[in-house]
Amino acid sequence: MFANLRFFSNVIEVYPITLQNLAFLTSIVILLTSVFIFLLSLVCYKYTIKPILILIFLISSATSYFMDSYNVIINDTMIQNLVRTDVGEVNDLLNLKLMLYIIFLGIIPSIFVYKAKIKYTTLKQELLSRIKLILISIAIMALVLISFGNFYASFFREHKLLRFYTNPTYYIYSTGIYINGFFKSASTPRKHIALDIKIPSTDKHSKLMILVVGEAARADRFSLNGYSRETNPLLKKLDVISFSNFWSCGTSTAYSLPCMFSIYNRSNYSNAKAQNTDNLLDILQRAGVNILWRDNNSDSKGVALRVPYQRFKAPHQNPICDEVECRDEGMLVGLQSYINEHKQGDILIVLHQMGNHGPAYYKRYPPAFEKFTPTCKSNQLETCSKKEIENAYDNAILYTDYFLSKVIELLKQNDSQFETAMFYISDHGESLGENGLYLHGLPYFIAPDIQKHVAAIMWFGKNVEGINVNLLKQKINQKYSHDNIFHTVLGFMKAQTAVYDKKMDILH
Ligand SMILES: [Zn+2]
């Protein structure tokens, strides 16, 4: 009754409460209840009933908070995000309202379940009554579906999405899908690609690329792309190329990140395939490129497992931290000495930003960047006005503008020794309350463009060879996506391999 408010409110949006729809809407309640009774009757027995119900109450109380507040769907990607989260991310989400959900929809019902005295009769009678219960619930489901056949045909076909909001059935189903995929990928052997990769010895110049993986940065919030607010005061003074028509592979970090470094295109990509195949970093490392991954976000989502990896989340790892959190800028400290130590050969440094990680955008920048005010100072976005959320979000973009300008400054210092380049791409976009949606992570086919249209910026040093920056500037409105990253970085490194596709290389 209580954990499905989002489901029913979405149903009512499609089928408004009118005299005509009333019977159908009532039937959904009956159907959903029968489905629950049917499913639970299959698994709830003397020793399992209490643990199962308590577990479902506790998990559903939290999922219903996120579904009610942010309109999210708990699909297999969301389960993966959850499995791959960290304490910092969880802290950002904790708040009083979530606690109240857990207490009232989780803990209190659980106490009732725990205390309930269940009378058991003989095994034979128990079985008989269980069979009766199962048959009756099936009969009710069938009766409801048949009586409202037309309604349910449209409900299941045209409004497929609605059933994704049922709680707990959909998250249980999603967990099954996730576990299935997990075992599938664990049992498949690793696929090595680009075994022929080499950087020709004729290529005398060392290359230094800093690839910045942004977090939840929407293309339309960058003044470089025409946003009315000045959110790129520093980058606009540098000779950067901002691609205004760049699209993400997924709508969440856990999905997009492995995809960005994978040879697979979005159309044939799956997380399981990516985790089992050599990625861009693996093959460049094989070609002799020095790789370093620095992370101020949750982690590399499996991308940097076989290359040098440094965490920057905690004060003992990151030299630039304040009371709120450790800053992206800290990842730049000590990079110059790393570069000095690797003068032989090419260098690819990946910096994984905290960027615009929601919902606590106000935590993502130091006080000096609080330019747009007033800001939303809560992780309960629905309690803030749209303006306050946008202000906090835009301030975080301002900080990224500053951070990227610092990256470029560092590269400029190495211009005489290297062919230098910065390539910044965000992992996905973000909803800031448009159409009642917040954050990101909706299934790709229904996610609004703002969750998929990402910021992407390039910068090149004076000594790069074979790249026509002016020509590149004519391509800023062309449509590109995460699919292009793999081949573009290979192209910049002048790596030779049969898997390189020059048509996918933005620089070609
Ligand atoms: Zn992300």
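Q: How many of the contacts between residues at least 6 apart in sequence join residues at least 24 apart?
A: In this chain, 73% of them do. Keep in mind that the model is predicted.

Q: What's in the chain, helices and strands?
A: The chain has 16 helices and ten strands.

Q: And what does the radius of gyration say about the chain?
A: The chain has 26 Å. A compact globule with 508 residues would have a value near 23 Å, so the two agree.

Q: What does the C-alpha trace span along its principal axes?
A: About 85 × 55 × 45 Å.

Q: How much of the chain counts as buried?
A: Of the 508 residues, 42%.

Q: Switching to helices. How do α3 and α6 cross?
A: Helix α3 covers residues 49-70 and helix α6 covers residues 96-115. Their axes come within 8 Å and cross at roughly 165°. Angles over 145 degrees count as roughly antiparallel, so α3 is roughly antiparallel to α6.

Q: Left-handed or right-handed, that crossing of α3 and α6?
A: Right-handed.

Q: Which residues make the contact?
A: From α3, they include Leu53, Ile54, Phe57, Leu58 and Tyr65. From α6, they include Tyr101, Ile102, Leu105, Pro109 and Val113. By class, the contact has 13 nonpolar, five polar and two charged residues.

Q: What about α2 and α7, at what angle do they pack?
A: About 150°, with the axes 9 Å apart. Helix α2 is residues 19-43, and helix α7 is residues 123-147. That angle makes α2 roughly antiparallel to α7.

Q: Which hand is the crossing of α2 and α7?
A: Left-handed.

Q: Who's touching whom there?
A: On the α2 side, Ile30, Leu31, Val35, Ile37 and Phe38 are among the contact residues. On the α7 side, Arg130, Leu133, Ile134, Ile138 and Met141 are among them. The class count for this contact is eleven nonpolar, four polar and one charged.

Q: New topic: His352. Where does His352 lie?
A: In strand β5, which runs over residues 347-352.

Q: Why does His352 count as buried?
A: Because it has 29 C-beta neighbours inside 10 Å. The cut-off for buried is 20 or more.

Q: What does His352 touch, not counting residues up to four places away in sequence?
A: Val213, Arg294, Asp295, Asn296, Asn297 and Ser300.

Q: And how far apart are His352 and Leu211?
A: In sequence, 141 residues. In space, 8.5 Å, C-alpha to C-alpha.

Conventions:
Residues numbered from 1 in each chain as written. Predicted model: local features only at pLDDT ≥ 70, side-chain atom pairs only at ≥ 80, totals over all residues. Helix = DSSP H or I, 4+ residues; strand = E, 2+ residues; numbered from the N terminus. Buried ≥ 20, exposed ≤ 12 C-beta atoms within 10 Å, placed from the backbone. Contact = placed C-beta atoms within 7 Å. Rg over C-alpha atoms; globule rule 2.2 N^0.38 Å. Axes fitted to C-alpha atoms, helices over the stretch in contact; angles between N-to-C directions. Parallel < 35°, antiparallel > 145°, perpendicular 65-115°, else oblique. Left-handed = near helix turned anticlockwise from the far one by under 90°. Nonpolar A, V, L, I, M, F, W, Y, C, P; charged D, E, K, R; others polar.
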